[in-house]
Structures are given as C-alpha cells and as structure tokens.
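Subject: Structure for you to look at

Hello,

Here is the structure I said I would pass on. My notes on it follow below.

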Amino acid sequence: MFATIAGRYDLLNHLLSGNIDKRWRRMVATTLGGTLADRDAVVLDVACGTGDLSLALFESGEARIVGIDFCRPMLDIAATKVSKSGSLLPLVEGDALALPFVDRSFEAATIAFGLRNLTSVEAGVKELLRVLKPGGRVAILEFSKPRTPFLGSLFKIYFTRLLPLFGGLISGSKSAYQYLPDSVLRFPDQIELSKLITQVGFEDVTFRNLTGGIAALHVGTRPIDS
Ligand SMILES: C[S@@+](CC[C@H](N)C(=O)[O-])C[C@H]1O[C@@H](n2cnc3c(N)ncnc32)[C@H](O)[C@@H]1O
C-alpha cells in the first residue's frame, strides 16, 4: 500500500493536514532535544517512510540518526531528500517487528505514524524497547483521540469522508486513504497506549496532546536497571 502512494505521500501529508504534520514532527525533535544535542548519541527512526522525521531529528542537533522502513519506494524518496539536503543519514530497509540491530544499540528511538500500521502494536513497542540502551528514550507520534466531542465529530467527518475522497483522487489509491481512518479509529487512545507502553516495560511514560488530541506524542524511558 505504501509503495503505491509513495510518490504522492509527502504532498498529501502536507496538504491534508494543512502543514500541521511538520509542526508535530518538530515537536518530537524538541522533546528529544537533550539526546539530540549529544554528538555521541545514535537515534533510530523506525518506519521512517520518506524521511521527514529523520531529517527533522538530524537538523535539530548533533546526534547520529538512522532511518529504517520496510517499503523501498518510500525509502527511495527519503534517500533523494537526504542526498539533496547533504545530510549524513543512513537509511536501512527492514521490518519494525524484527529490527536488524542488536539489543541496547540506541540512545533514543522514534516512530511517527508507523505504530498504527504494524500487525502488532505491542510487538512493535517491545522491539523499540529491545534496541534501546538502558536509560534510552522512546518517542511515539501517532493519531489519537480528539479531546472534545465537538472536535471529535469534526475530525471524524473530515477523516472518514473528505480525506478518503481527496486522498484517493490525488494519490490514485482510494483504498489507502480509506485504510487511514479505519486504522486510526482502531488504534488505542492516549490512555490505552500509555498503559500498553508501560506494560511492555517502559517507565516514566507521559503523553502530550497535539492539536487538541488529533495526534499525541508519547514518551517513555527504558529503565536503567533493565
Ligand atoms: C504513515 S507512514 C509514516 C512515515 C513517516 N514516519 C512519517 O512521519 O511520515 C508509515 C510508514 O510505516 C512503514 N511501515 C509499516 N509497517 C512497517 C514495518 N513492519 N516495518 C517497517 N516499516 C513499516 C510504511 O512503509 C510507511 O513508510
């Protein structure tokens, strides 16, 4: 599905979100500011897609960033952007559910709008925990549940009616933009996701609502003694 829409993915992201998606990704970089400032740190961006978050992380500090995704056409677009920006940012083709890295490799790990697409959210979070060093931080950016019923109703109409229509027309793949609202509605809300991240083994799990809860940014830490 992502291979089919790769060519139009960035355009649609920015268009359908009114560019808010860029602000959300910058928020991830700000949240991980301390780690990104460390030139010895290595940060893994899982399900990096066309590389927007990987590049935002790279541009926000001194840390080394590695992007990984299992969809080659998305990675090809990321590679073009990385090369145009002159960034030194390795991109790896691989599965978020079986990351090709040994345990305790990274100071931080991120996943933006990727967790919802995995066949098991829990297995995805477990993999993030496994590859983090003790004390390492995870940042998960994902669509979530709007905080007020009014915003929730507006969001539902936009997401289930307008977005599949425009997304389908522009990308040429109606099913991909039908899948998007379906996958968001199935995904755990802020509280449920916090519980899941904690159950998997992260500590100090907190979240921040973005744009009234349309998206949420969850962060957690791998315990030092784990
Ligand atoms: C909605 S895009 C998000 C891309 C990017 N993180 C962003 O913020 O725009 C979801 C990405 O998850 C990737 N993905 C889905 N399942 C995956 C898996 N099991 N392993 C690796 N990547 C996966 C897709 O290929 C796609 O690039």
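Strand β1, residues 42-46, is mostly covered, with five of its five residues buried. Please keep in mind throughout that this is a predicted model.

The covering of β1 applies to both faces: V42, L44 and V46 lie on one side, V43 and D45 on the other, and all are buried. β1 pairs with strand β2 (residues 64-69) in the parallel sense, over five bridges. β2 is itself largely enclosed by the rest of the structure, because five of its six residues are buried.

The ligand

What surrounds the ligand? The shell consists of 18 residues, and the closest are Y9, A47, D69, D95 and A96. By class, 11 of the shell residues are nonpolar, four are polar and three are charged. Helix α1 (residues 2-17) supplies the largest share of the shell, namely three residues.

- D69: 2.6 Å from an oxygen atom of the ligand
- D95: 2.8 Å from a nitrogen atom of the ligand
- R25: 3.0 Å from an oxygen atom of the ligand

The ligand taken alone exposes 600 Å², and the protein buries 96% of that.

The β6-β7 hairpin

Strands β6 (residues 203-210) and β7 (residues 215-221) pair in the antiparallel sense over six bridges. In this pairing F207 stands opposite H218 of β7. The two strands form a hairpin with four residues between them, and T211 in the turn has a positive phi of about 50°.

Helix α9

Which residues of α9 are buried? In this helix, residues 190-200, they are Q190, L193, S194, L196, I197 and V200. They sit on the same side of α9 because they cover an arc of only 165° around the axis. As background, an α-helix has 3.6 residues a turn, so residues three or four places apart point the same way. The face of α9 turned away from the buried side carries K195 and Q199, which are exposed.

Single residues to check

Most residues other than glycine have a negative phi. R104 is not a glycine, yet its phi is positive, about 55°. R104 lies in the loop between β3 (91-93) and β4 (106-112). The phi of F113, also a residue other than glycine, is positive too, near 55°. F113 is found in the loop between β4 and α6 (121-131).

Are these two residues buried, exposed or partly exposed? R104 has a relative accessible area of 44% and is therefore partly exposed, whereas F113, with 10%, is buried.

Finally, K22 is in helix α2 (residues 20-31). K22 counts as partly exposed because its relative accessibility is 38%, between the cut-offs of 20% and 50%. K22 and L53 are 31 residues apart along the chain, and their C-alpha atoms are separated by 8.5 Å.

Regards

Note on methods. Residues numbered from 1 in each chain as written. Predicted model: local features only at pLDDT ≥ 70, side-chain atom pairs only at ≥ 80, totals over all residues. Heavy atoms only, no water. Near = heavy atom within 4 Å. Polar contact = N/O pair within 3.5 Å; in protein donor to acceptor, adjacent residues only side chain to side chain. Areas by Shrake-Rupley, 256 points an atom, 1.4 Å probe, with all protein chains shown as cover. Nonpolar A, V, L, I, M, F, W, Y, C, P; charged D, E, K, R; others polar. Pairing = 2+ DSSP bridges. Buried < 20%, exposed > 50% of the residue type's maximum accessible area, 1.4 Å probe, protein only. Arc of directions from axis to C-beta.
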